[in-house]
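Keep it short and group the points by topic.

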Amino acid sequence: MSWLVESSKTSIVCYFLGYALYNVFFHPLRKYPGPKLWSISRIPYSLCYMSGKAHKRILELHEEYGDIVRIAPNELIFCYPEAFNDIPGHREQGEEEIGKDQGFWKEDSITLTGSNGQDHRRVRRILSHAFSAKAMADQEPLIKRYVELLIEKLKIAVAEDKSQEMTSWYNWTTDIIGDLAYADPFGCLETSSYHPWVKLIFKHIKGLAINNSVAKFPFAQSLLKMMMPKEVAKDIRAHHEFNQAKVAKRLALKEPRPDFMQSMITAQENNLISHEEIVANSHLLIVGGSETTATVFSGATYLLASHKAVREKLYQEIKTRFANQDEIDLLSVQKLDYMMAVLKEVMRIYPAVPSAIPHITPPRGTMIREEFVPGNTVLGIWPWPMFHHPKHFAEPEPFAPERWLGDHKFEEDKRIALQPFSVGARDCIGKNLAYAEMRLILAKMVWNFDMKLDSRSENWLEKNVLSFLWDKPPLYIRLTPRNMS
Ligand code: HEM
């Protein structure tokens, strides 16, 4: 019997040795540089992914190995400004799409962001109506109402305690997207507290890195499911049931509404979208449309609170442009050039989507940067390292909005490297809405309050944990109301 055990052990060792040798010396990606251990197995990349600081390690890898690095047997990452055009960007006519890696999306593959080819184009066309200039003009009164509610409730809270935990306030503005998707707000701002469903969205971030890391290890994924505490499984079920119930309630409304759902309802009447797709995409819109903007608001508030000169300059711009705050609307905020520079710099320093969203080459392979990349190779661009690489941005660490306003110190910057909304046929469909919302909220915040950092939140940026998206620590800011009309 012992000979059987011995020979099994030898076979296993030989298998792994052969696998390692193949990956290093014979694999089609062998010519790409990267740490040897990472090219043998996915495990080092997965461990890095779960470390909470993967963005920094990935930047180090690009600095050490160059623009294209092999980070797993079958995976390459790219860090040069044109990479956004080469991978998610528009393809030439007749060229095959570099689609999303379905191994990453799994259950989300029927959403807009997880689907490929015809399905993606069909749903994108349907949803694009909800994000047109006309739709946004129709949505403006609703957005303004919630922004006014945010300011009003904050003023009440600040009268009691100047120091407010701002990530929660910005998470509560999910009310806007909740109303645009379900016609039924969560009531977070009204009650100045979390709706349990909204709380779960933000709590869920912590698990994303683990979930994404094990996605490529089916055994580990099954194990994780088996080990999942009962309450977590119950939370997940309740979360999905809540989404389904909200969608059903919105679908039952007879009156047309200028919201995200209307275009899907019209499409369903013409058999262009299924009920399951409507449910899945409503969830995507809520999560994609609220977590991202809440991150940018939190980053902007922290950076403004800790940079007095920038804060003052922004305040001056807003005060000079508007006579009273009723003049601040979605259209007028577009004229605030300094604010735009501030927002770009916030998204460079603290991008809302900091980690790579994996794509995959078509089975026949494709050309990238005049080199052939074999079929079924997973490709990624990590936004945080792209936006922090000293080859792309001079002095990448300090918060410097002037870099977007022609300051000669930054004239060598590769500005096209900053693509926080990605590019091409799969860029952020909510980009214009996000900019409108961000400018409006920031303008109203700066008009109404001066912001200073509470000592509890010093080095807040450094305390953020990367879990695919940011797992944000509490952000305490001291708000002083200004006496403005
Ligand atoms: C600052 C705010 C935002 C940032 C930084 C952001 C960023 C992004 C990025 C990088 C992508 C591409 C993801 C990929 O490659 O799969 C994306 C896609 C998407 N975003 Fe946003 N987003 C923001 C706000 C919003 C808002 C407000 C909405 C809607 C309410 C939204 C809805 C979507 C959807 C549906 C997609 C998938 C598009 C497609 O695959 O065709 N996003 N976003």
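Arg57 is partly exposed, with 18 other C-beta atoms within 10 Å. The cut-offs are these: a residue is buried with 20 or more other C-beta atoms within 10 Å of its own, exposed with 12 or fewer, and partly exposed in between, with C-beta atoms placed from the backbone. Arg57 is found in helix H4 (residues 54–65). Helices (H or I, at least four residues) and strands (E, at least two) are DSSP runs, numbered from the N terminus. Arg57 and Lys463 are 406 residues apart in sequence, and their C-alpha atoms are 16 Å apart in space.

This is a predicted model, in which local features need pLDDT of at least 70, side-chain atom pairs count only at pLDDT 80 or more, and totals for chains, interfaces and linings use all residues. Residues are numbered from 1 along each chain as its sequence is written.

**Overall build**

- The chain has 22 helices and twelve strands.
- A compact globule of 485 residues would have a radius of gyration near 23 Å, and the chain agrees with its 24 Å. The radius is taken over C-alpha atoms, and the globule rule is 2.2 Å times the number of residues to the power 0.38.
- Along the principal axes, the C-alpha atoms fill a box of roughly 85 × 55 × 50 Å.
- Of the 485 residues in the chain, 42% are buried.
- Among contacts with a separation of 6 or more, 72% join residues 24 or more positions apart. Two residues are in contact if their C-beta atoms, placed from the backbone, lie within 7 Å.

- UniProt, in an unreviewed entry, lists residues 12–29 as "transmembrane region". UniProt positions are given in the numbering used here, feature names are shortened, and annotations may be inferred rather than shown by experiment.
- In the model, residues 12–29 are 83% helix and 0% strand. The end C-alpha atoms of the span lie 24 Å apart.

**Ligand shell**

- The ligand is surrounded by 24 residues. The closest are Gly289, Thr292, Cys428, Gly430 and Ala434. A residue is near a molecule or strand if its C-beta atom, placed from the backbone, lies within 6 Å of it.
- Helix H17 (275–305) and helix H21 (431–448) are the elements that give two or more residues to this shell.
- H17 gives the most, with seven residues.
- By class, the shell holds 15 nonpolar, seven polar and two charged residues. Ala, Val, Leu, Ile, Met, Phe, Trp, Tyr, Cys and Pro count as nonpolar, Asp, Glu, Lys and Arg as charged, and the others, Gly among them, as polar.

**Cys428**

- The UniProt annotation "binding site", from an unreviewed entry, covers Cys428.
- Cys428 lies in the loop between helix H20 (383–388) and H21.
- Cys428 is buried, with 20 other C-beta atoms within 10 Å.
- Beyond neighbours within four places in sequence, Cys428 is in contact with Phe421, Ser422 and Ala434.

**The five-strand sheet**

- Five strands form an open sheet in the order S1-S2-S8-S5-S3, with mixed pairing. Two strands pair if DSSP finds at least two bridges between them.
- S1 and strand S3 (99–100) stand at the edges, each with a single partner strand, so one side of each is left without a neighbour in the sheet.
- All five of the five residues of strand S1 (residues 68–72) are buried, so S1 is largely enclosed by the rest of the structure.
- S1 and strand S2 (residues 75–78) form a hairpin with two residues between them. Their pairing is antiparallel, over four bridges. Val69 stands opposite Ile77 in S2.
- S2 also pairs with strand S8 (residues 378–381), in the parallel sense over four bridges. Leu76 has Leu379 as its bridge partner in S8, and Phe78 has Ile381.
- Strand S5 (residues 359–360) pairs with S8 in the antiparallel sense over two bridges. His359 stands opposite Leu379 in S8.
- In a regular strand the side chains alternate between the two faces of the sheet.
- S8 is covered on both faces: Val378 and Gly380 on one side and Leu379 and Ile381 on the other are all buried.

**His240**

- His240 lies in helix H15 (residues 230–251).
- His240 counts as partly exposed, with 13 C-beta neighbours inside 10 Å.
- Ala280 is 40 residues from His240 along the chain, and their C-alpha atoms are separated by 9.3 Å.
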